[in-house]
Amino acid sequence: DAVYLDDEKEREEYVLNDVGIVFHGNINEIKSRSWSYGQFEENILDACLFLMDKAELELSGRGNPIKICRVASAVINSRDDNGVIAGSWDNTYTYGVAPSAWTGSVDILLEYYSSKQPVRYGQCWVFAGVFNTFLRCLGIPARLVTNYSSAHDNNANLQLDFFLDDEGKVDTKLTKDSVWNYHCWNEAWMTRPDLPVGFGGWQVVDGTPQETSDGMYRCGPASVQAIKHGHVCFQFDAPFVYAEVNSDIVYSRREKNGIQAIEKIDTNHIGQLIVTKEVGGDGMMEITEEYKFQEGSEEERLALETAVMYGIKKQTTPSTMYQPQTDVDMDFQVQKAVLGSDFKVTITFRNRSRNYYTATTYLSGNIVFYTGVTKNEFKKHSFSAKLEPSSPSAFDVVIKSSEYLSDLLDQASFHFFVTARINETGKILAMQKATVLEIPSLRIKTQGEMVAGKEMSVTVEFTNPLKQTLENVTLRLEGPGVLRTMKKEFRQIPANSTLIWEVKCIPKRPGLRKLIASLNCDALRHVYGELNVQIQKP
């Protein structure tokens, strides 16, 4: 049929596996967590069929995976149709569950099925996790994919514009585009009889509401093969996905005379790594080359020219306006750090010229949402760097925990901008990097024998690493086939103290199962733990 996948191992993974892995964090610090899809749990099939009723998909269209994916990508989010999940990216989750607290799709789908009202709240991996459950439940092979450094290009011109002011700082009022640390979407496997031969196979579908398509917030199905080759004329929404993985970042600055001067073009930052869970294991499988040719290759050029021919707007930069800075290189490294500790940022210059230079250097540290949107600047630091001829030099800037802890967001995510002006030549160097703090994890243990139909005991432990008391903490624990989601509230966890929660359950299905836990409170989110357990036959 239209969704036939001819490899038994892949069918077991992409249709039958009821748990998966979400890769998050950022390109320099890849993190992973488990997600329970639970497509075989009680009432989930009914909930998924209800979604097709909700989307008013006619019965004759319910054998067509293209139509199913198209309507589902709209109904997974609540924008414009009161769909399953309401998105919230602003760190306030009153009257709802914080996106980071969910451990799987089952609670969300069942709550929606009974209340018929959007479930609060989700962010990209939640939309993608629920979408994956829906697809696998209906027998459409599906996988969750993460694109690191994902472009959200507001005017679809294949470039993200970062505007700098006179001092080389980013002008937040003018800069509308953003780079997401990562973005999750899904791929569904199907034939595409509506397209020329060769564009069947994996298709991008995305339930996260970013832009409208045919008047609704939805995206896909877009053929991965068509995106790779630049054939963005084929439906649906290929130009948007092409931009997410292929845009350039352009830094420009308005000179005193009003002319825009381009300071730097970064062609490698976006779509650096695209990954999914490996078949039959919990490891990461890189699929970047399914989406794009080798950076800088002849084929890549050709794919870009094809995309431009099919109407993707690509602004060309006259060479007179852009002379890259060649005699001084700048880079910076952010020290790996655990939440609650101090760390340093090291800025390095290499002066390739025979001249003696001074560089007025400015570091801006921002707390950001994982979507790359700034909440606030917590660190401003400028200094004058003396650059000796033909030699490297390094400068350290210390970031204290007291400077960032009060404003920290969900994903403990920072974004650093470093800009430097070479005083002697007037040239500007600019660079940006995201970094994520190490967040402590939960420990899950089991006691006694684990046999289907017999009571067993599960313990979740957590030690508070912060110098403050955590308040109103919620723990969640679930495992398809072992236990339905359990929740427990704790009023307080003092600094450095350990919490222990014991749960009794009776596993239903034998085999290798996974327990997944999350901890959530206003001061600390994205705390997870997981454990593989082998349930014996009775």
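This is a predicted model: local features need pLDDT of at least 70, side-chain atom pairs count only at pLDDT 80 or more; totals for chains, interfaces and linings use all residues.
Visitor: Hi! Which residues does UniProt list for "active site"?
Guide: The unreviewed UniProt entry lists Cys 124, His 183 and Asp 206 under that name.

Visitor: How far apart are their C-alpha atoms, and what does that say about where they gather?
Guide: They span 83 residues in sequence, but no two of their C-alpha atoms are more than 10.0 Å apart, so they gather at one spot.

Visitor: Let's take Cys 124. Which helix is it found in?
Guide: Cys 124 belongs to helix H5, which covers residues 124-137.

Visitor: Is Cys 124 buried or exposed?
Guide: Buried: the relative accessible area of Cys 124 is 0%, and the cut-off for buried is under 20%.

Visitor: And what is Cys 124 in contact with, leaving aside neighbours within four places in sequence?
Guide: Its contacts are Trp 89, Trp 180, Tyr 182, His 183, Cys 184, Thr 208 and Tyr 370. His 183 is also on the UniProt list.

Visitor: Now Asp 206. Where is its place?
Guide: Asp 206 sits in strand E8, residues 201-206. Asp 206 is buried too, with a relative accessible area of 2%.

Visitor: What does Asp 206 touch, not counting residues up to four places away?
Guide: Asp 206 touches Ser 73, Phe 131, His 183, Cys 184, Trp 185, Arg 218, Cys 219 and Glu 244.

Visitor: Changing topic: what order do the strands have in the open sheet of three?
Guide: The order is E6-E12-E13, and the pairing is mixed. Strands E6 (159-164) and E13 (260-266) each have a single partner strand, so one side of each is left without a neighbour in the sheet. From one strand to the next, the twist averages 25°.

Visitor: In what sense do E6 and E12 pair?
Guide: E6 and E12 (residues 248-254) run parallel, over six bridges.

Visitor: Last one, rings. How many aromatic pairs does a search of the whole structure find?
Guide: The search finds 22. In the pair of Phe 199 and Phe 234, ring centres are 4.9 Å apart and the planes are at 50°, so the pair is tilted. These two are 35 residues apart: Phe 199 is in the loop between E7 and E8, and Phe 234 is in the loop between H6 and H7. Phe 199 counts as buried, at 10% relative accessibility.

Visitor: Which residues form one aromatic cluster?
Guide: Phe 343, Phe 378, Tyr 404, Phe 414 and Phe 416 cluster together.

How values were computed
Residues are numbered from 1 along each chain as its sequence is written. Side-chain values use heavy atoms; hydrogens and water are left out. Two strands pair if DSSP finds at least two bridges between them. Helices (H or I, at least four residues) and strands (E, at least two) are DSSP runs, numbered from the N terminus. Axes are lines fitted to C-alpha atoms, for helices over the stretch in contact, and angles run from 0 to 180 degrees between N-to-C directions. UniProt positions are given in the numbering used here, feature names are shortened, and annotations may be inferred rather than shown by experiment. Buried means under 20% relative accessible area, exposed over 50%, partly exposed in between (1.4 Å probe, protein chains only). Contact means heavy atoms within 4.5 Å. Rings of Phe, Tyr and Trp (its six-membered ring) pair if their centres lie within 6.5 Å; planes under 30 degrees apart count as stacked, over 60 as edge-to-face and the rest as tilted.
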